[in-house]
Amino acid sequence: MPSWPALISQAFNGLALGSLLALVSSGLTIILGTLGVLNFAHGALFAVGAYAAFVMLQYTHSFVLTVVVGCGFMLALGVLLERTIIRLFYNRPHEDQILVTYGIGIVLVECVRAIFGGNAQRVPTPSWGQGATQLGFLIYPTYRLQLIAIVAMLLLSLYLVLYRTSMGLVVRAGIENPGMVGILGINLRRTFLLVFAIGVVAVGLAGMLYAPVVAVTPDMGANFMAQSFVVIVLGGLGSFPGAVIGGLIAGEIISLTSAFNSSYSEVMLYALMALLLVLRPQGLFGSEGRV
Amino acid sequence: MLTLEDCTRMSLLEVDRINTLYGDSHVLFDVSIRVEEGEVVALLGRNGAGKTTTLRSIMGVLAPQSGQIRLDGKPIAGLPPSAIANLGVQLVPEERAIFGGLTVEENLRIAALTAPNAWSFERIYAMFPRLKERRRSLGRTLSGGEQQMLAIARALIRDARIILLDEPFEGLAPLIVRDLVTVARNLAAEGRTMIVVEQNVTAALSFAHRVYGLNNGHVVFEGTSADLDANPDLARDFLGIAA
């Protein structure tokens, strides 16, 4: 049995991991819900985000500037991918969509490997996030606390876009019933580009923010993507609140289980998914029907 | 004796010998329908006669294999539903298709988004006070009658030139049907152009000017409701109506 401070510390790690998973999965789930495409390049885009941070930091020496420029880069990459490849696959079968996004993922990861090599790169913690913070009952790395706060703000902005703007209204309606959105005079295709780009920026941001915490390697996104697939199944396909809550649950399960025995943390995650699929196949916030 | 004016006069909507397939099965055979401005037309027929398919073809949800559909004389067959909606055609589907995760007001807001002459919420609420009471409720919490009101309100807020009502009274309590029939009658009296598909023939005929009968994907009858009364055999044999 681990000590209480160790458990609480792991609970915080779970919150940090969970909030990142929430951000990654939000992008994945709104792309799936709106476009109907399961984006298998999502993990590669996470790694691309982390490498973007690695490169920009060497030029700008400012983490904030790095993130701003990095977002612009991810936005451009997202628009490029949607315009040149993804949009050709909206009317194709799901197998084709999976194959093409999987292919995009491989190309991106191998490009990264060709440029930077396969060795792990280090992205330094920003100057304002160094050291540890005394929380009274616990001393915890400052950057990870800031990470939780930053991701919380990003998720809040995403919430505001989805629930307080006309575009968000169209996206939410489109996830539910794309046919009816068309009957009401709205060309959903125009929204697809924006949604895809937002999803790519979200996952790229997660990669940039996570870079100082882990070793940056070309394959770093693979595990994250597998976990975020579990998250969107937990939360309900296409559900933004589901991705957020599912991400936090998954983060805590992985972290708390590894306080006892780290080799079981993923097992527990998949066991929970299996259990939920039996009890509530549509996921926590999912509705029956579509996808 | 046809005058030149009669030949060149354009109907608001003209469905010209369309053939529509649903998957592999041929559903509509050379279906032709005309609807004049300000007219209410009822499509009657048994289940599977092709009534819903006709409405879905007009809306562009299904593209006819052959034939043409004209709005103000301009061909619209083959256009996507969003383009047809923006020309002023509005389907109120049988399943109502209310967005369950959106509030009543959000359902109205999204409907009004691309309509240049959208009505104000107040005008809609004056017509459907019940929707005003429930404007903050999620679509999935509405009763069947409220959902139908909202479905019709979404077409009205767009100020649609022609509204296609698919089974608007289906599965609703008699009292609610009575209210909705009143709404439909008022719309008809104001000169709103509509096509209504309905199993409840009495309700449909109470506000329709003209009737088309469909049987197995063919138009088998065209006339006024008085003409239909004069043809009880036809009504019984082809349309499944005990007149």
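# Two chains, strand by strand

Trainee: Strand 6 of chain B, residues 89–92: which of its residues are buried?

Mentor: Both faces of that strand are covered. Val89(B) and Leu91(B) sit on one side, Gln90(B) and Val92(B) on the other, and all are buried. Keep in mind that this is a predicted model.

Trainee: How many bridges join strand 6 to strand 7 in chain B?

Mentor: Four, and the two strands run parallel. Strand 7 of chain B covers residues 162–166.

Trainee: And what is the bridge partner of Val92(B) there?

Mentor: Leu165(B), in strand 7 of chain B.

Trainee: Back to Leu91(B). Why is it called buried?

Mentor: Count the neighbours. A residue is buried if 20 or more other C-beta atoms lie within 10 Å of its own. Leu91(B) has 28 of them, so it counts as buried.

Trainee: Which residues does Leu91(B) touch?

Mentor: Leave out residues up to four places away in sequence. Then Leu91(B) touches Leu55(B), Met59(B), Leu164(B) and Asp166(B), plus Ile183(A) from chain A.

Trainee: How far apart are Leu91(B) and Phe207(B)?

Mentor: In sequence, 116 residues. In space, 18 Å from C-alpha to C-alpha.

Trainee: You mentioned chain A. How many residues are in contact between the chains?

Mentor: Chain A brings 16 residues, which are in contact with 22 residues of chain B. Helix 6 (166–176) and helix 7 (178–183) of chain A each supply at least two of the chain A residues on that side. Helix 6 of chain A gives the largest share, six residues.

Trainee: How do the residues of that side of chain A divide into nonpolar, polar and charged?

Mentor: Seven are nonpolar, seven are polar and two are charged.

Trainee: Okay, strand 8 of chain B. How many of its residues are buried?

Mentor: Five of five. The strand spans residues 193–197. Thr193(B), Ile195(B) and Val197(B) point one way, while Met194(B) and Val196(B) point the other.

Trainee: Which strands of chain B do bridges join to strand 8?

Mentor: Strand 3 (residues 40–45) is joined to strand 8 by four bridges, in parallel. One partner pair there is Val41(B) with Ile195(B). Strand 7 of chain B also runs parallel to strand 8, with five bridges. Asp166(B) has Val197(B) as its bridge partner in strand 8.

Trainee: What unit do strand 7, helix 8 and strand 8 of chain B make?

Mentor: A right-handed β-α-β unit. Helix 8 of chain B covers residues 174–189. Its 16 residues should span 22 Å at 1.5 Å a residue, and its end C-alpha atoms are 22 Å apart, so the two agree.

Trainee: Which residue follows that helix, and what is its phi?

Mentor: Gly191(B) follows helix 8 of chain B, with a positive phi near 90°.

Trainee: New topic. In what order do the strands of the open sheet in chain B come?

Mentor: The order is 2-1-4-5, four strands with antiparallel pairing. Strand 2 (25–35) and strand 5 (74–75) stand at the edges. Each has a single partner strand, so one side of each is left without a neighbour in the sheet.

Trainee: How many bridges pair strand 1 and strand 4?

Mentor: Five, in the antiparallel sense, between residues 13–22 and 66–71 of chain B. Glu14(B) stands opposite Arg70(B) in strand 4.

Trainee: What does the secondary structure of chain B come to?

Mentor: 11 helices and 10 strands. Of the 243 residues of chain B, 42% count as buried.

Trainee: Helix 8 of chain A: how many residues, and how far does it reach?

Mentor: It has 23 residues, 188–210, and reaches 33 Å from its first C-alpha to its last. That is close to the 33 Å expected at 1.5 Å a residue. In helix 8 of chain A, 19 of the 23 residues are buried, so the helix is largely enclosed by the rest of the structure.

Conventions. Residues numbered from 1 in each chain as written. Chains lettered and ligands numbered in written order. Predicted model: local features only at pLDDT ≥ 70, side-chain atom pairs only at ≥ 80, totals over all residues. Buried ≥ 20, exposed ≤ 12 C-beta atoms within 10 Å, placed from the backbone. Pairing = 2+ DSSP bridges. Contact = placed C-beta atoms within 7 Å. Nonpolar A, V, L, I, M, F, W, Y, C, P; charged D, E, K, R; others polar. Expected span 1.5 Å × (residues − 1). Right-handed = clockwise from strand over helix to strand, strands pointing away.
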